[in-house]
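Colleague: Could you take me through one part of this model in detail, namely the charged side chains and how they pair?

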Amino acid sequence: MAIYSRKNYLPSLIAVAFVAAGALLPTSVTAQTSVGDIVTQAFFDGIINQAAADCAGKSFYTRQSFLDAVNSYSDFGSTGSADDSKREIAAFFAHVTHETGHFCYIEEINRDTYCDTSRTDYPCNPNKQYYGRGPLQLTWNYNYGAAGNSIGFDGLNSPESVASDPVLAFKTALWFWITNVRPVISQGFGATIRAINGAVECDGKQPALVQARVNYYTDYCSQFGVDPGTNLSC
């Protein structure tokens, strides 16, 4: 075994300490901070406090339920640079704010069955409806079925579970995000709008709704101290 003098050994200890502290790791949120450090209680309250006092979501959605759900999706807000991570978190909450009316709504207002019978891999229960529920308003039988398989609940036979368990509700939103939105996030915020509701809002169909999403996103990016990037609209 090699023997080191105190003089030569000290720099090695410093180098090891630097690595342990994450100095040589990529500058992602994981290396520098956590999602919880970005999504502070003040940030969360800044959204939900804008909902009316009688909104069902005000006693349902909490920052803690979001963080508990994030524990099952450790890669959320932790890819790329620290700025990339902040942009992803800002984008997620921009869409959540829009979809739920500042966390006011747990379930869709204009409810329908949303059963795509062509998706025989996710057969509809005739006694259930697959309308929007949760932070990103999970919709359609095939989304409930796939989310249930991934997360571990009976999405086809118990879709209402999403509206009764806030941690599960956030898990379905994060599942949808990671599965359908994350793959296009590098293309700009506009691509995330298209991934979530492009058929209804993009290409000039609902410019006011698109702009509302963009406004939330740029506001949250400003709060996080990060540039929102380009290609914001769709």
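Modeller: A salt bridge here is a side-chain nitrogen of Lys or Arg within 4 Å of a carboxyl oxygen of Asp or Glu, and in this predicted model the count by that rule comes to 11.

The side chain of Glu 99 meets that of Arg 213 at 2.7 Å, N to O, and the pair links distant parts of the chain, since Arg 213 is in helix α10 (residues 207-224) and Glu 99 in helix α6, 114 residues apart. Arg 213 has a relative accessible area of 1%, and because buried means under 20%, Arg 213 counts as buried. Leaving aside residues up to four places away in sequence, Glu 99 touches Pro 135, Leu 136, Gln 137 and Ile 196 as well as Arg 213.

Glu 107 and Arg 133 also form a salt bridge, their closest N and O atoms being 3.6 Å apart; both residues are in the loop between α6 and α7 (141-151), with 26 residues separating them. Glu 107 is partly exposed, at 23% relative accessible area, while Arg 133 is buried, at 4%. Finally, Asp 75, Glu 88 and Arg 182 are joined in a network of salt bridges.

Methods: Residues numbered from 1 in each chain as written. Predicted model: local features only at pLDDT ≥ 70, side-chain atom pairs only at ≥ 80, totals over all residues. Heavy atoms only, no water. Contact = heavy atoms within 4.5 Å. Helix = DSSP H or I, 4+ residues; strand = E, 2+ residues; numbered from the N terminus. Buried < 20%, exposed > 50% of the residue type's maximum accessible area, 1.4 Å probe, protein only.
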